[in-house]
Amino acid sequence: MELRVLGSGPAWPNPGGACSGYLVSSGGSHALMECGPGVVGRLRAVLPVRDLSAVVVSHMHADHFLDLVPLRYGVKYGQLGGERPPLVLVPPGGARLLARIGRALDGDPHFFSDVLHVREYDPKAVLRLGPMAFSFQRVRHYVPAYAMRIEAGQALTFSGDAAPCRELVRRRGAATCARRRPARLRVRPASAGS
Ligand SMILES: [Zn+2]
């Protein structure tokens with residue numbers, strides 16, 4: 001399993017950086033955790049959008065999903081996608097929020113869903129993307145938010161914006177932490193920097 005840090009800035013990107021975006025890959029499958037401002041360009045520097053298995057969003061704060069707007073434009077007008085629309089997995093309630101944003105931006109509640117395959121994940125279910133198994137844990141934040149544990153031989157836990165809480169410790173288990181440089185997990189910044 002490989003983790004590439006596309007962006008790790010706070011809600012305002014650091015100079016030359018991007019907000020949250022972490023590309024985790026295993027066995028030819030690629031999942032983008034978070035799609036914050038500035039992430040799509042950095043993703044394209046390392047992986048064609050058509051090769052993306054899914055975008056998985058931990059919670060619906062703008063700095064974690066707002067680059068779905070340029071992703072949508074790139075797929076619709078820039079032929080960035082493949083034969084099937086990119087799969088975008090958002091937490092419960094996320095699809096309705098995207099519909100509201102689409103209406104505000106373009107007068108069209110289907111602004112995202114006509115171009116991207118938007119689905120809400122079930123936090124109680126295991127989500128499989130190729131060899132990677134995603135499980136979710138509700139964590140402490142201002143809005144409903146989920147930490148993700150990804151297993152594919154190794155295990156990785158991504159906290160998102162979670163405040164310190166027991167739920168996160170439980171979910172982390174024996175996994176390495178996405179925001180540190182673990183010993184066994186291959187971690188590298190994207191070529192565009194982090
Ligand atoms: Zn947040």
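**Close-up views of a predicted model**

**View 1. Strand 9 and strand 10 in the predicted model.** Five bridges link strand 9 to strand 10 (residues 154–158), and the two strands run antiparallel. Ile150 has Leu156 of strand 10 as its bridge partner. The two strands form a hairpin with one residue between them. Gly153, in the turn, has a positive phi of about 80°.

**View 2. Strand 8 and strand 9.** On its other pairing shown here, strand 9 is joined to strand 8 (residues 132–139) by seven bridges, again in an antiparallel arrangement. Ala133 stands opposite Glu151 of strand 9. Five residues lie between strand 8 and strand 9 in the hairpin that they form. Strand 9 itself (residues 145–152) is mostly covered, with six of its eight residues buried.

**View 3. The largest nonpolar core.** This core has 49 residues. Val24, Cys35, Val55, Val56 and Met148 touch the most other members. Strand 9 gives the most to the core, contributing six residues. In soluble globular proteins, nonpolar side chains tend to be buried together.

**View 4. Surroundings of Val56.** Leaving aside residues up to four places away in sequence, Val56 touches Ala31, Met33, Leu89, Phe134 and Met148. Both Val56 and Met148 are among the core residues that touch the most other members.

**View 5. Helix 3 and the elements it packs against.** Leu68, Leu71 and Arg72 are buried in helix 3 (residues 68–77). These residues lie on the same side of helix 3 because they cover an arc of only 100° around the axis. The buried residues of helix 3 pack against helix 1 (39–46), helix 2 (62–65) and strand 5 (87–90). After helix 3 comes Gln79, which has a positive phi near 55°.

View 6. The chain contains five helices and 12 strands. Of its 194 residues, 42% are buried. Among contacts in the chain with a separation of 6 or more, 54% involve residues 24 or more positions apart. The mean pLDDT of the chain is 89, and 87% of the residues reach 70 or more. Over residues 180–184 the pLDDT is below 50, and this stretch has five contacts in the model beyond near neighbours in sequence.

Definitions and conventions
Residues numbered from 1 in each chain as written. Buried ≥ 20, exposed ≤ 12 C-beta atoms within 10 Å, placed from the backbone. Helix = DSSP H or I, 4+ residues; strand = E, 2+ residues; numbered from the N terminus. Pairing = 2+ DSSP bridges. Contact = placed C-beta atoms within 7 Å. pLDDT = per-residue confidence, 0-100. Core = buried A, V, L, I, M, F, W, Y, C linked by C-beta atoms within 7 Å. Arc of directions from axis to C-beta.
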